[in-house]
Protein chains: 4
Amino acid sequence: MTLSLKGIIPPVITPLINNRELDTKGLTQLIRHLIDGGVHGLFVLGTTGEGPGLGYKIRKELIKRVCDQVDHQIPVLVGVTDTSFENTLSIAEYAREQGADAAVIAPPYYFPISDGEMMGYIEHLSDALPLPFVMYNMPSHTKMHLSLSVIERCRELGALGIKDSSGDAAYCYSLIDKFKDYPEFSVITGTELYLPETVLYGGHGAVAGGANIFPRLFVALYDAAVNHDLDTINTLREHLIKIENTIYNVDQNPSRYIKSIKCAVSVLGICNDYVVHPHRKFTGLQRQQIEIAVKTLLDEIKITVRPCNL
Amino acid sequence: MTLSLKGIIPPVITPLINNRELDTKGLTQLIRHLIDGGVHGLFVLGTTGEGPGLGYKIRKELIKRVCDQVDHQIPVLVGVTDTSFENTLSIAEYAREQGADAAVIAPPYYFPISDGEMMGYIEHLSDALPLPFVMYNMPSHTKMHLSLSVIERCRELGALGIKDSSGDAAYCYSLIDKFKDYPEFSVITGTELYLPETVLYGGHGAVAGGANIFPRLFVALYDAAVNHDLDTINTLREHLIKIENTIYNVDQNPSRYIKSIKCAVSVLGICNDYVVHPHRKFTGLQRQQIEIAVKTLLDEIKITVRPCNL
Amino acid sequence: MTLSLKGIIPPVITPLINNRELDTKGLTQLIRHLIDGGVHGLFVLGTTGEGPGLGYKIRKELIKRVCDQVDHQIPVLVGVTDTSFENTLSIAEYAREQGADAAVIAPPYYFPISDGEMMGYIEHLSDALPLPFVMYNMPSHTKMHLSLSVIERCRELGALGIKDSSGDAAYCYSLIDKFKDYPEFSVITGTELYLPETVLYGGHGAVAGGANIFPRLFVALYDAAVNHDLDTINTLREHLIKIENTIYNVDQNPSRYIKSIKCAVSVLGICNDYVVHPHRKFTGLQRQQIEIAVKTLLDEIKITVRPCNL
Amino acid sequence: MTLSLKGIIPPVITPLINNRELDTKGLTQLIRHLIDGGVHGLFVLGTTGEGPGLGYKIRKELIKRVCDQVDHQIPVLVGVTDTSFENTLSIAEYAREQGADAAVIAPPYYFPISDGEMMGYIEHLSDALPLPFVMYNMPSHTKMHLSLSVIERCRELGALGIKDSSGDAAYCYSLIDKFKDYPEFSVITGTELYLPETVLYGGHGAVAGGANIFPRLFVALYDAAVNHDLDTINTLREHLIKIENTIYNVDQNPSRYIKSIKCAVSVLGICNDYVVHPHRKFTGLQRQQIEIAVKTLLDEIKITVRPCNL
C-alpha cells in the first residue's frame, strides 16, 4: 500500500532550549497544535526545522519523540540528506526504526553536481534507503535546481513525490503537467503563497512554514482550493499576505523565515524559539513586532479560521 | 609561538577502497610522497579531500593516521566545518587531540547567511574552538563570498590566514593589500594557477590540488616566485597549464578536479582513486587519457622538477 | 482622462522580409488578426517585437503603420527604451506624434545600475517624456529586477502600471498587494501561464506572446479569470501548456519564444517569420514541428475558442 | 599590413557639457594628454566612454574629432556594438570614413544568446563590417561570457584580438594559452590591475580606465612588465592599488569607475566630468575625496612616473 502525500504538511520547527537542547515540552505542545490544527502530515528536519544545523543526537531525539507522539495518525516525513552518503543512510535507518513514513531527499548540498551525477546518486541511494522517499527541490540552499529529467528518474526509482521550494511557479506547473498521468506522484509546493494555484491546477498540497503558527488557516485554504471556492481562497490569502508583510518582514536576513516562525510560535506560548548557529533568535524590537503581528492576525483570522486551542 | 602558514599546502586527497573504507596503505604512501616532495603543510578534509562527503568514522581515522605519520614535521590543517556547529566543534576537538595544528573554517554551507550572521558565527566558534584556525573562502561550494570585513573580523578573532578558492584574482589581491601590515596573517590562493602572482605580490602560498600529483613542481614554482625568478616561473607555469588542459580536462562535471587528481595519483601507483558519492571515479577512456597525460607530463617535467621517488 | 490598461495586450511580433524590411502586408494582417481576436491593447517594439534589434527607420515605420491601422480602437503601447536617453526620448516623441497611447519603459539595459540610479533615471525621463508610461520589468534582458520601491517611485511619477516579465510569481503577487489601493495602477504579467492567477488575485491582465498566434484563446482565458470560472480556466490552460510543450519547445536557445511565435504566426499564413540578428528563423524540421503543433492546437482549441478568421 | 594591438589602450572617457553636448575643448586636451602620456592606442565609445549611453550625433562627432586629432599617430579603436545590427554597421562605416583603425565588437547585449547564435552573428557581421575588428568580453554588461570556442571562431573570421573585461584572470590566461601560436592575435586585459601578469605571461596589454588619469603610470607599468622588471612592477602596482582604494572607492554604485575616472580627469583640469543618464556625476563630498586622492597620488607618483604636462 503506497503512502499518499497531500494537503498541508508543515515543515516542523525544532523547539530548542539554549541552542543545544530539545525543548521536549514545547515539542509535545507543537505537535499537538499541528495535529489539532488538522494538518495532513509532518515534515521534520527540513530547512525550517534547521535539520542540517542540528547535531545527530538531537535529530534522533526529535525523530523518536515525533514518531511516538504522532503514532501513525498522519505521515511523518524526515529530512535525511547529509553531505555524507553514510550519514544519510544511517539517519534514514533510524527514522525507519522509529516508525517514520518517508525520507525527504535533497541533493547532497556541498559539492556542485551535474544532473548525471544527481541521477547516479539517487540510483545508489534509493537502492539502499530503508524508507519510501520524497524529493526536495531547494536550489537556494543546495545550489541545484532539480531538472524535470532528474525528477522523472527519481519517480521511476520510486519517489513518492516532489516538494518544490524553488519559488519558481512555472517550474511547479511543469511538474504538475509532467506527472499528471501519475496521480499518486505528489507535487507539493514549498512556497506557501502558491498553495491555492498549485492545488487548483492539479498539485497536491503545500509544505507551508506558516502552518507551524496557524495550521487551521492553511488547512482551510487547502480545503477551499480543493473545493474550488474562490471567495474563500481570496479571503484566506489575505491573511497569508499579511503574514508575509508582517511576521516574515521584521528582518532582511535570509534566515528570517525560520526565526520569524519560531518567534511567532513562541509568542503563541507553544514552545521556545532558540535557533542553532549560524542563526540568532529575535529579541527586543523584532520580537515586539512579531507579537503585534501575531495578535493582529489572531484577531483578524478569528472570523474565518482560528489557530487551534487559542 | 604562532603557527606560520606559507608555501605549498596540498589539499590532500582521501585515498579510499570501494567508496567506504580508507586506503591506509595508499594514504601512507601519499603522505610520504608529499613530504618527500617538500610541501610546507597539509590540508586534509577540504573540498579536494572530499571532507563533507565522508562519514565521521573515516574522517577521524584519516586525521589520526595523517597526524601520526606527519609527526609535526610540517603543519597539518584539518577542514572541520559542518553544517552543525556541534559537529564542527567535535571534529575539531578530535583533531586537536591527534596533534593537528589548525582547523580550517568555511561558512556552514547549507543555510545562506548574511555577513553579520557569519561574523556572529565566527565569534561563537572561535570562542569554543580548541585549535588555531584558518578561514576558507569557497563561494562555489558554500554560496558565500567572504567579504573583506568578515575576514578582517576573523583576523581580529585570531584567524591565522585565509585560503581563497574563489578564483577571483582581484579579491585575492585585495586581501594581500588589506593585510599587508599583518605579515603573519597568511593569504593563500586556492587557485593553483595564481600561485606565482600571489607570491610575487605579497601573498604566502597556495593550496594547490595538483601538488597531490606533482608536489615538487609546485614547490619549485613557489620557490621561483619567492626568488622573483621569472624565467623559471614561466617554464614551470607551462606544466601547470598542461595539467589544466589535460588532466583536469577529461570531463566537464564540476567534480572533475577531485576525480582527475585522484586518478592521476592512482596512475602514479600511490593510492586507489575511489571517490565517495555523489561522485564517480574515472574509468575506461577517461582513465586512459589521464594515464597518457601523466606520462607525458612526467617526461616533460623531468628536465626541471620531477615528482618524488618516480 | 487616464488610460486604463487591462486584459490581453500582445507583445506584437514585427513581421519582416529578409531580416531588414517590414512585411507591411503581413503587419496589416497581423493587426487585423489581433483586433478581430478581441485583444485589449497592443504592445509593439517589446522583446517579442525584437524592438532593440531593429533599426530606427523600421521602428518608426512600424509605429506609424500600427497607429494608423488601429486608429484608437484599442491602446497602442510602444517600447521606447534605448541605452541612450536621447534616443529614448526621440522615439517616444515620434510615437506620440503617430498617436500611440503610452511608452513602455525598461531600465536602459547596458550599464548595470543601482535602485537609486534607476529612480533618478525615471525622474528625469518622466519629466521629459511626451507620453504616459508603463514600467517593464525584464531582468533576464536588462539585468535589473525592479524593486518594489522603484516601482512605487515610478507610480508616484505617473506610471500607469507595470508589466512584469520576471517569471517570479511571488514578486507579481507583491505588486498586486502593494498597489491594491491604486486600482488604476495596472499590474500585468508578462508570463502568459500566470494569466489566470494574476487576474484571480487582483491583477489586470497579461502581455502574452502566444496571443500573437491565438488571441481569442487568451482573451477567453482572461474573461474566464475575470468571471472566476475555474472550469473554463482549467480547460483553456491545457492549451497554454500544450503551446509551451510544443510550439515553444522546438529549440533550447533563449530566443526560442520569439522565433516560435513568429514561425507559428507564419504557419497560420498571417505574415513572414524572418527575425533580425542575432536570431535566426526556424526552418526544416523545426518549422515542421511547429506546423504540426499549430495544426493540432487548431483542432483542439476549435471546441472552445478558435483563432480569428481561421 | 595587419594592425598590431598591444600596450596601453585607454578606454577614452567622453568629455561632456551638461549631459548632452561634447566638451570639445576638453576632448582635445584629453587626447593630447593621452598621446603625450605615451599610450599605444585609443579605444573610444567603450563602456568607460559611455558609448551605448550616447546619442549617435555625439558618437559621430567624437569619432570624427578623435580621428582627426590623432591623425594615425596611434590606432583608434571604436566601440560600435548596438543591439541593432544595422546601427552597428552604420556607425562602423562612419568610423571607417573618419579613419578609425578597428571596430570593437561585443555581443549585442539586449537579448540573451547562445554560443551558436553569437557565432552566427559574428559570421554575418564580419562579412559586412568595413573595418578590422577586435572582440570585447564584458559579461557584467552584455550578460555573455564569450567562450574560448566563440573567440576561436572570431579569430578565424579575422578578429585582431580580444579585450577581456570579465575580471576572470584564469579565463584571460586560457586565452593567452589558446592563442600562443597566433602571436598577432592580441590578448588584452580590461582589468587594469591584471596588466603586469597578463604581459608577463604572454598577453599584449591592457585597456586601462585609469590611464585616462595617469597614462604615464600605466605605460611605465606596461614597460616594466615587458622588461620583466619586478621591482618596478611592484612599486608601480602600489599606485594602482591606491587608485583602486581611493579614486574608485568613493561610491558603491556599479557606475563608480566611469564617474570616478571622469571626476579625477576633471580634477586634473583636463575636461568636464558630466556623465549621461542613467549616471550622475560626483559632486560635494565625493568630488572632494577624489580631489584629495588625486593630489596625494600626484605627489606619490611624481618620484617614479608623472602624468603628462602636470
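Chain A and chain C bury about 1700 Å² between them, and 53% of that is on carbon and sulfur atoms. Buried area here is the accessible area, taken with a 1.4 Å probe, that two parts lose on being put together, summed over both. Three residues of chain A lead on this side: A:Tyr173, A:Tyr201 and A:Leu230 supply 33% of the area that chain A buries against chain C, more than any other three residues.

A word on the model before we go on. This is a predicted model: local features need pLDDT of at least 70, side-chain atom pairs count only at pLDDT 80 or more, and totals for chains, interfaces and linings use all residues. Residues are numbered from 1 along each chain as its sequence is written, chains are lettered from A and ligands numbered from 1 in the order in which they are written, and side-chain values use heavy atoms, with hydrogens and water left out.

Back to A and C. 21 residues of chain A are in contact with 21 residues of chain C. Contact means heavy atoms within 4.5 Å. How many salt bridges cross this interface? The rule finds two. A salt bridge is a side-chain nitrogen of Lys or Arg within 4 Å of a carboxyl oxygen of Asp or Glu. Look at A:Glu238: this residue forms a salt bridge with C:Lys180, and the closest N and O atoms are 3.8 Å apart.

There are also 10 residue pairs in polar contact between chain A and chain C, both residues at pLDDT 80 or more. A polar contact is a pair of N or O atoms within 3.5 Å; within protein, one must be able to donate a hydrogen and the other to accept it, and residues adjacent in sequence count only if both atoms are side-chain atoms.

Which helices of chain A face chain C? Helix H7 (169-178), helix H8 (195-200) and helix H10 (230-245) each supply at least two residues of that side. H10(A) gives the most, with eight residues. Helices (H or I, at least four residues) and strands (E, at least two) are DSSP runs, numbered from the N terminus.

What kinds of residue are they? The side of chain A that touches chain C divides into 11 nonpolar, three polar and seven charged. Ala, Val, Leu, Ile, Met, Phe, Trp, Tyr, Cys and Pro count as nonpolar, Asp, Glu, Lys and Arg as charged, and the others, Gly among them, as polar.

Now the symmetry. A rotation of 180 degrees, with 0.0 Å of shift along its axis, superposes chain A on chain C with an RMSD of 0.0 Å. The same surface serves both copies: 100% of the contact residues of chain A recur in chain C. Copies are superposed by least squares on the C-alpha atoms of residues with pLDDT of at least 70 in both.

Next, A and B. Here 41 residues of chain A are in contact with 41 residues of chain B. The area buried between these two chains is about 3800 Å², and carbon and sulfur atoms give 61% of it. A:Tyr110, A:Phe111 and A:Pro278 supply 20% of the area that chain A buries against chain B, more than any other three residues.

The rule finds two salt bridges across this interface. In one salt bridge, the side chains of A:Lys259 and B:Glu117 meet at 3.7 Å, N to O. 14 residue pairs are in polar contact across the interface of chain A and chain B, both at pLDDT 80 or more. The elements of chain A that give two or more residues to this side are helix H3 (85-98), helix H4 (115-128), helix H5 (139-142) and helix H11 (256-267). H4(A) gives the most, with five residues. The residues of this side divide into 17 nonpolar, 17 polar and seven charged.

Some pairs do not touch. Chain B and chain C are one such pair, with their nearest C-alpha atoms 20 Å apart. Chain A and chain D do not touch either, and their nearest C-alpha atoms are 20 Å apart.

Last, inside chain A. Two strands pair if DSSP finds at least two bridges between them. Strand E5 (residues 42-44) and strand E6 (residues 76-79) of chain A pair in the parallel sense over three bridges. There, A:Phe43 stands opposite A:Leu77 in E6(A).
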